[in-house]
Amino acid sequence: MKDIKFIALFTLVLATLPFLTNSGVVLNFVVMALYASLLAQSWNILGGYSGQFSFGNAVFFGTGAYVQVIAQMHFGLNAWDALFFALSLSAIVGVFIGSVSFRYGLKGSYFALVTLAMAEIFRILSLSVGFTGGGVGLMLPLNNTFLGMQFINKSGYLWLILALVCSTLLITTYIKHSKLGAYMQAVRDNEDAAKALGINPFNVKLFSISISSVVMGAGGAIYVQLFQYIDPGIAYGPQSSVEALVAAIVGGVGTLWGPIIGATALLLMSELTRNLFGQIPGINMVIYGLVLVLIVLFAPSGLSGLGLSVRALFSRSFSSSRSKLIEDSPTHGGKG
Amino acid sequence: MGAVYALIALGLTLVYGVLHIINFAHGACLMIALYGVYGLWAALGVDPYAALPIMIALMLMLGYILQRYVINRAGHTRDERVLLLTLGLSIIFENLALILFHSDTRTIETTYSLQTIQLGSVMLSLPKFYAFWGALGVSAVMLAIMKWTDLGRAIRAVAKERVGAKLMGIDVEQVYAMSFGIGLACLGAAACFLLPAYYVNPSVGNGFIFVSFTIVVLGGMGSFLGALLGGLLIGVIESLGGLYLGESLGQVGIFVVFVFFLIFRPQGMFGSKS
C-alpha cells in the first residue's frame, strides 16, 4: 500500500539521520518535532477520525508522565516496565472519561468542556496529594543506561520517539483503511446515520479515545524521560492539550500526515520567532493563537488541505478520477 | 463574589443563547476589561465605579467588532470551529497582555478598598458590598433591556427562531454582533465592580472561565434566571469548599459540579431540552 511505503521511507530516512549529521541543532529539532507530532497524532485519532474534539488531552499526558516517574522512583521499576504501566494507566483514564461522557451522549463543545474540566480536576488533585510531590514536582534521577531510557546523545531519543511515531502512523493507517476506521469516520460525519446502519457509536468512540489516550500517555512518558522533571502545571496544565490540538488542526484534521506536518511547521515557526524577537515571554503563544485563528477562518482543512486544493486545481484539468478522490477525502469546512 | 459571577455568566449565557456558540475567550475578555479599569485608574485617575459607563461602552464596541469581523466568518455550522477560534483568540489576548504588562499582579488602592461595613453580626468589606449590589443592579438593567426594548425583543426573536426573525425584517448579523457586544459589556461592568476587591494579571481570566461555564451549565445554557441563581449558588459552593477543604482543593467542588451537571443534566436546572 502507498501509505505503508511512505511510512517506511519516512522512518528509514529519519532513523539514518544520526549517521549523516552530528549537528546537535538538527538532531534536537527532529527530536522535538517528533515529540510534538506524537501529541498531535494522539489528538488526531480522537478528534480527526472520530470527530470528538478534546480540549483536555493533558489529562492523559499528565497521567503518563506521573506514572512513568512514580513507577521508577517509588516502585523501582526500570523505565521500560514503567512505560508499560504509564500507557496502561493512561488508557484506563481514557476509557473512564470516555465511558462516562459518551454513555450520556456528550457531543461537540460539551465533550470539549468536560475533557478540559477533567484535566483541571486532575491538576488540582495532583497539587493536593502527597505522592506527586505537590507543587514542588518530581525529579527523575539521572540514569544514563539503556534500562533507564535516558541517553547521553540525542540519537537515542530520536530512535525511541521515532519508533513511537512510526507505530502511531501504522495504527492511524490501520484506522484509515479498516472496517473499524470506517465506522469511526461514519460516526464523525453523521452519528445518527451511522447508528441507523447498525453501528454502535459508543463502542466506536470508546475504542478511539483509548487509542488516543495511550498515544498521549506515551507523549507524557517521553516528556519526563527527556526533561527528567514534572509538576502539576506541566502535567495537567493546558499547554500540552493546546499543543496537540493546534498542531493537528494546522496540519490537517483527519489526515495521516497532517499532525506531523503541523507539528513541524509550528516548531519551525516558533524557532523563527525566537530568533526574530528574542526571549519576549508570550510572543510564541501569540503566534500559536494567530495561526490557529487564521487556519480556522481561512483553511479549515489545514496545511495538508491547502496542498490538496492546490493539487486538485492542477489535476482537475486533465484527470477527473483523481480529483474525485480528493473530493472524497475528509474535510471539516463548509457544510457540517 | 456570587453576584459578580452571575454578571459574568450572564454575558456568556446571552452569547450562547443567541448565537449558539460557546465563547471560550470570555475569561480573556474579562482580563482585558480589568486592565481597562486599571489603566483608566492608573493613567487618568478615574475611580473604578465612575469608569462603569466608559467600560460598558468600550467592551460593547470590542464585542461588536469581534463578532462582526472575526467570529462571524467562521460561520455557525460546527460549534467546535467557533470553540477553536475563541480558544485562539484567548491565547492571543492573554499573551499580548503578558508582553505588554508582564506577569506582575496589580491591584489598585482606593480610599474605600479596606473599609468594612457592619451588617447585623457580620463584617463585610465595602468593595464586596458594592460589588454585590452593583452587579445585581446591572443584571437587573440588562434583564429589563432584554424584556422591554426593541433590541431586546429582536435578540430574543433571533435566539428563538433565526429564519423567522430574518423574514420579519430583523438584521440578524446586526443582532448577533449586538448580543456579543452586550455579552462583553457585562464583563466591562463586572470588571469595574471586581477590581477594587480583586487583582489583575494576564492569566486572571482562567480563574473565571470555568466558574462562569459551570454557572451557565448549572443554570441551563441560554437561561438568564438560571445564570443569576447559578452564580449565587456557585459563590456559596466556592466559599464552603474553601472553608472545609482548604483553598486549593476547594475549587474541585466547582469542577465536580460542572462535570456532574454536564453529564447528568446538560439542560441545567432551568434550561429546556434543546
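Me: How many residues does helix α2 of chain B have, and what span is expected of it?

Reply: Helices (H or I, at least four residues) and strands (E, at least two) are DSSP runs, numbered from the N terminus. The expected span of a helix is 1.5 Å times one less than its number of residues. In this predicted model, helix α2 (residues 26-44) of chain B has 19 residues, and from its first C-alpha to its last it reaches 26 Å, close to the 27 Å expected at 1.5 Å a residue. After α2(B) comes Gly45(B), with a positive phi near 70 degrees.

Me: How are the residues numbered and the chains lettered, and which pLDDT limits apply?

Reply: Residues are numbered from 1 along each chain as its sequence is written, while chains are lettered from A and ligands numbered from 1 in the order in which they are written. As this is a predicted model, local features need pLDDT of at least 70 and side-chain atom pairs count only at pLDDT 80 or more, whereas totals for chains, interfaces and linings use all residues.

Me: Is α2(B) mostly covered or mostly uncovered?

Reply: A residue is buried if 20 or more other C-beta atoms lie within 10 Å of its own, exposed if 12 or fewer, and partly exposed in between, with C-beta atoms placed from the backbone. By this count α2(B) is mostly covered, as 15 of its 19 residues are buried. In chain B, 53% of the 274 residues count as buried.

Me: Which residues have the most contacts inside the largest nonpolar core?

Reply: In soluble globular proteins, nonpolar side chains tend to be buried together. A nonpolar core is a set of buried Ala, Val, Leu, Ile, Met, Phe, Trp, Tyr and Cys residues joined through C-beta atoms within 7 Å. The largest one here has 201 residues, and those with the most contacts inside it include Ile161(A), Leu7(B) and Leu34(B). Helix α8 (residues 172-194) of chain B gives the most to this core, with 16 residues.

Me: What does Leu34(B) touch?

Reply: Two residues are in contact if their C-beta atoms, placed from the backbone, lie within 7 Å. Leaving aside residues up to four places away in sequence, Leu34(B) touches Ala191(B), Leu194(B), Leu195(B), Val200(B) and Val204(B).

Me: How many residues does each chain give to the contact between chain A and chain B?

Reply: Chain B gives 33 residues and chain A gives 36 residues. On the side of chain B that touches chain A, the largest share, 15 residues, comes from α4(B). Ala, Val, Leu, Ile, Met, Phe, Trp, Tyr, Cys and Pro count as nonpolar, Asp, Glu, Lys and Arg as charged, and the others, Gly among them, as polar. That side of chain B divides into 23 nonpolar, 5 polar and 5 charged residues.

Me: At what angle do helices α6 and α7 of chain A pack?

Reply: Two packed helices are described by the angle between their axes and the distance between the axes. Axes are lines fitted to C-alpha atoms, for helices over the stretch in contact, and angles run from 0 to 180 degrees between N-to-C directions. Helix α6 (residues 154-177) and helix α7 (residues 179-189) of chain A pack at about 75 degrees, with their axes 5 Å apart. Therefore α6(A) is roughly perpendicular to α7(A), a term for angles of 65 to 115 degrees. Tyr174(A), Ile175(A), Lys176(A) and His177(A) of α6(A) make the contact with Leu180(A), Gly181(A) and Met184(A) of α7(A).

Me: Where does Gln228(A) lie?

Reply: Gln228(A) is in the loop between α9 (201-227) and β2 (229-230) of chain A. Although not a glycine, Gln228(A) has a positive phi of about 60 degrees.

Conventions
Parallel < 35°, antiparallel > 145°, perpendicular 65-115°, else oblique.
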